[in-house]
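Have a look at the picture before reading on.

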Amino acid sequence: MRAISLLACMSTALACAPAPIAAQPALRQPIVIESGSLTLTSGETVQYEIGTLSVPENRNKPLSRRIGIGFARIKAPRPTGAPPIFWLPGGPGLTVLGAFTEKDGAAQARLRSWMSFGAAGDLVVIEQRGYTRRGEMLVETADASPLDKPASAQDDALAMQALARRAVAHHADKDLSGYTIDAFAADVDDLRKALGYSRISLFGGSFGSQWALAVMRFHPEIVERAVLSSVEPLNNGFDMPSHVFAALQRIAYDADRDPGLAPYLPKGGMMAAIRALHRRFAAEPTRVTIRDAQGRTHIVTLGAQDLQRALLAHTADAAEWPAFILSLYHRHYEQWARETVADRSAGAVTLIGPLVDSSLAMSDDHAHLLWTDPAVELLGTWNFEANLASAPEWPTPDMGDAVRLPRVTAIPVVFVHGDWDTSTPVENTLGLMPYFPNAHAIRVHRAGHDGAFYQLRESAAAKRAIYDFLRTGETAGLPTDVALPAPRFEVPGFPPGTVR
């Protein structure tokens with residue numbers, strides 16, 4: 001589940017808006033490479049190459065215009081004999097090459113992480129067609145949603161349809177039908193050939209894992225092995241609500257046992273609070289008055305479907321989620337209302353997300369399971385309704401079941417998946433395992449929607465074993481289960497018993 005609604009697309013795009021793009025190299029050559037180096041605050045020096053790969057925008061049209069895709073390479077300090085690791089970012093719509101120019105702590109941490117791959121081989125980072133600092137970043141502005149009525153997935157679907165039509169009209173000079181998952185996979189193969197590698201290994205999480213699965217589907221002969229985390233199968237761009245809700249239940253189990261939260265919990269714990277909220281907002285919406293940072297007053301109407309979306313808010317850091325839900329249970333709605341004002345504002349939407357999603361679509365049986373899933377009552381159809389309704393408006397073609405349904409694949413893969421992941425639930429990996437006879441799965445208890453090494457942050461031995469796997473294919477040192485300690489849950493920002 002990449003973008004649970006148009007509203008979520010807008011808020012995510014605004015939060016992740018890239019820095020201004022520097023002038024791009026001309027695309028007269030298939031590949032342009034520059035060398036550089038920088039010194040981290042830790043004193044380490046990073047030697048790197050950064051470049052632009054020129055590819056057809058639509059690979060099915062011989063005369064298609066050329067577009068640029070950014071990439072970088074950090075060579076291993078010494079040869080390892082292993083294939084290079086191609087690191088595929090998530091999103092879609094995540095640009096990462098700013099790590100070489102930005103000076104903040106996150107950029108430094110990313111570079112240190114990339115340098116650590118040198119123990120296994122060369123690292124090649126490739127950005128995404130249609131969202132790369134060294135090419136084009138395809139976005140469209142979505143309209144604001146009204147504050148004086150509750151949100152609904154049905155209105156969101158109409159807004160996504162209008163956005164798709166506007167995006168096509170505003171990008172008439174581009175061929176948006178070329179942004180399909182097989183084109184993403186072919187970009188990886190083109191970069192492999194341009195850099196002179198015969199075979200590669202893959203490393204990706206979230207959409208990066210889906211992208212890697214596409215490379216294995218369309219170009220299996222080039223892939224030596226892969227490490228995939230927060231896995232998103234080709235047929236699971238829209239996850240089962242019951243699988244997502246199961247992750248909430250697992251978080252709730254620990255929250256119910258946290259001493260700091262105990263005074264705020266109703267009898268029955270977090271799940272009882274959610275059921276009570278469901279009944280409350282099914283009966284009637286509520287209006288909340290807030291002031292923003294500029295002192296302006298907003299009156300926000302919140303209804304049953306707003307609650308459905310809110311149940312998944314703050315799950316990126318599970319330590320924050322119970323306090324947010326318990327605040328709603330005790331009728332403290334101000335934080336929720338402020339977030340809703342931001343979510344319903346006009347903002348930028350990254351186009352490659354819906355373009356890829358509408359092309360992958362889903363099988364008929366997966367669609368049937370989605371619409372009839374019992375957790376739809378609590379979580380709603382925000383995860384998929386707008387995307388399905390707008391699919392005919394997006395120009396990317398439906399790739400069919402031959403592409404999206406899993407098939408038996410002999411490529412060795414290590415799957416790393418957290419069971420608190422509400423974006424791509426752990427059931428995604430469990431469903432793929434029968435199709436990968438040479439796979440090894442690591443379930444990380446209490447990990448969320450994170451990359452493999454962050455999920456394994458408490459297990460240095462497991463991280464070393466991942467590097468060993470990337471270098472040699474050896475899996476003997478890999479665990480099957482890793483447990484993170486229970487987090488220190490945040491508590492609501494008001495005294496227990498304070499009910500509005």
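Accessible areas here come from the Shrake-Rupley method with a 1.4 Å probe. What you're looking at is a predicted model, and the accessible surface of its protein chain comes to about 20,200 Å². Carbon and sulfur atoms own 53% of that surface.

Now for the overall build. The chain folds into 18 helices and 14 strands. Its radius of gyration is 23 Å, close to the 23 Å that the globule rule gives for 500 residues, so the chain is as compact as a globular protein of that length. If you follow the C-alpha trace along its principal axes, it spans about 65 × 50 × 50 Å.

How do the pieces of the chain meet? Look at contacts with a separation of 6 or more: 78% of them link residues 24 or more positions apart. Charges come next: there are 47 positive and 53 negative ones, and their mean positions sit 3 Å apart.

Time to go inside. Of the 500 residues, 58% are buried. The largest nonpolar core has 58 residues, and those with the most contacts inside it are Phe-86, Ile-181, Leu-202, Met-216 and Leu-228. Helix α5, residues 207-218, gives the most to this core, with seven residues.

Key
Residues numbered from 1 in each chain as written. Predicted model: local features only at pLDDT ≥ 70, side-chain atom pairs only at ≥ 80, totals over all residues. Heavy atoms only, no water. Helix = DSSP H or I, 4+ residues; strand = E, 2+ residues; numbered from the N terminus. Rg over C-alpha atoms; globule rule 2.2 N^0.38 Å. Buried < 20%, exposed > 50% of the residue type's maximum accessible area, 1.4 Å probe, protein only. Contact = heavy atoms within 4.5 Å. Lys, Arg positive; Asp, Glu negative; His and termini not counted. Charge placed at Lys NZ, Arg CZ, Asp CG, Glu CD. Core = buried A, V, L, I, M, F, W, Y, C linked by side-chain atoms within 4.5 Å.
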